[in-house]
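Here is a short report on a metal site, a pocket, salt bridges and a surface patch. Keep the structure in view while reading.

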Amino acid sequence: MNEFSWVFLIALALMTGVELWLSLRQGKHVAANREKVPTAFADDVSLEAHQKAADYTQAKGKFNRFGSVFAAAVLLAWTLAGGLNLLFDGWQSIGLSESVTSVAFILSFFVIGSLIELPIDWYKTFVLEQKFGFNKNTPALFLSDLAKQLLLVVLIGAPLIWAALWLMNSTGDYWWLYLWAAWIGCALFMMWAYPAFIAPLFNEFKPLEDQQLKARVEGLLARCGFKSQGIFVMDGSRRSGHGNAYFTGLGSNKRIVFFDTLLETLDEDQIEAVLAHELGHFKRKHVVKNMGVMAILSLVGLALLGWASAETWFYQGLGVDSQNSALALVLFMLVIPVFSFFLHPVMTAMSRKYEYEADDYAASVSSGEHLIEALVALYQENASTLTPDPLVSAVYDSHPPATLRVAHLQAR
Ligand SMILES: [Zn+2]
């Protein structure tokens, strides 16, 4: 324990305390508004659906509060209680080469971490989501997903970790700059490779067959001057009843993906409006701006790591006796969320501004009326609350609350 231990403990206590406090606030606000559908939605949303959303939000809140405390306990177990020390010493005692020991240590850290979270994910899927009728997953599929994920972590992770450690140990004082460049390269490569090679391991993607809808979508793309490599339907219903639509890919390799669940919930007009909103994110350059922000934040983060990893207090303060690149990387991944937690409101404010801009774009190339209908239908289908606590929403919600989005669209 040193002074940095106390800084870390205070930041962790503050983060966990704020998370619990916000969650309790959300619970109170939703409970207080449970008996009445907000006036703007009174015609479209039944009291029954509104109350289901309230109960689902409460159940998620309770689960998240447990999750916050559990995550803090796991973090303390890894750091100050000596978990990482034990794991690293264990690998070192086998007597493998330094680089093999380092890679094995980091990989085993990831694998143990996902096994610790397994009961939590299991509970969320088979108890929480099940209770509200959203779960479509089966234990067999859940376990095969986990096995595939762990296999990917080992197969893709091993060479990447080896390369990162090599950069850290061989490129001098400015290794963090090289690591940053490599990280950006990897992120761009994954954006390109993910839709084509990784996503198909977990879901089935079929070209959109509904010719009438396809013509409609292609008409919208032509109007917006947008080129894509195809329109696909994903079998999201294999795991969950929640619906979505998204774009993936890079450059001219962009694809449009609809969850089958979304196509079942919305009609053609509404689907076009939702797609127009997603196109708005591209047309207003939100994707590029987000990538720019991530690049700057990761550069700042790696520069901080470059500084801290050379200091003995960084390791000792977090309960680790040895001092090397592998431990520095793992410690950094563990503690950075604690210190960056307080950036949440800034990031969500930026995201919410983009959502309004995308809504404006959708209203100009498609229809604001249809987008409102789609929003109401999706909120209802996903049992998202229409009455979040304003402060909670400002901290966490990447999308403005439904009431504000609808009011914004109506005011156009
Ligand atoms: Zn959006």
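Donors are N, O and S atoms within 2.8 Å of the metal, or 3.2 Å for Na, K and Ca; water is not among the atoms, so sites may look incomplete. This is a predicted model: local features need pLDDT of at least 70, side-chain atom pairs count only at pLDDT 80 or more, and totals for chains, interfaces and linings use all residues. Residues are numbered from 1 along each chain as its sequence is written, and side-chain values use heavy atoms, with hydrogens and water left out.

The donor residues of the zinc ion follow the spacing H-x3-H-x73-E in sequence. Helices (H or I, at least four residues) and strands (E, at least two) are DSSP runs, numbered from the N terminus. His 277 (NE2), His 281 (NE2) and Glu 355 (OE) coordinate the zinc ion at 2.1 Å.

His 277 is buried, at 4%. Glu 355 is buried too, at 6%.

**Salt bridges**

A salt bridge is a side-chain nitrogen of Lys or Arg within 4 Å of a carboxyl oxygen of Asp or Glu. The structure holds 13 of them.

| Pair | N to O distance |
|---|---|
| Asp 269 and Arg 216 | 2.9 Å |
| Arg 223 and Glu 272 | 3.6 Å |
| Lys 353 and Glu 357 | 3.2 Å |

Asp 269 pairs with Arg 216 in a salt bridge. That pair joins helix α9 to helix α7 (residues 211-224), across 53 residues. Asp 269 is partly exposed at 25% relative accessibility. Arg 216 is partly exposed, with a relative accessible area of 25%.

Arg 223 and Glu 272 form another salt bridge. Arg 223 lies in helix α7 and Glu 272 in helix α9, so the pair ties together parts 49 residues apart in sequence. Glu 272 counts as buried at 8%. A network of salt bridges links Arg 216, Arg 223, Glu 268, Asp 269 and Glu 272.

Lys 353 and Glu 357 are four residues apart in helix α13, and therefore separated by about one helical turn. Lys 353 is partly exposed, at 47% relative accessibility.

**Second largest pocket**

A pocket is an open set of points on a 1 Å grid over the protein atoms alone, where a 1.4 Å probe fits, with protein on both sides within 12 Å along at least five of seven lines; lining residues have an atom within 4 Å of a point. The second largest pocket has about 500 Å³ of space. Its lining has 21 residues, and Asn 137, Phe 142, Asp 145, Gln 149 and Arg 239 lie nearest the centre. Helices α4 (98-131), α5 (139-170) and α6 each give two or more residues to the lining. The largest share, five residues, comes from α4.

**Nonpolar patch**

Phe 189, Met 190, Trp 192, Tyr 194 and Phe 197 form a nonpolar surface patch, with about 530 Å² of accessible area together. Patch residues have over 30% relative accessible area and no salt bridge; like charges are joined within 9 Å, nonpolar side chains (Val, Leu, Ile, Met, Phe, Trp, Tyr) within 5 Å. Met 190 belongs to helix α6 (residues 175-202). Met 190 is partly exposed, at 31%.

Methods: Accessible areas come from the Shrake-Rupley method with a 1.4 Å probe; for residues, only the protein chains shown count as cover. Buried means under 20% relative accessible area, exposed over 50%, partly exposed in between (1.4 Å probe, protein chains only). Grid points are joined across faces, edges and corners, and a volume is the space filled by probe spheres set on the points.
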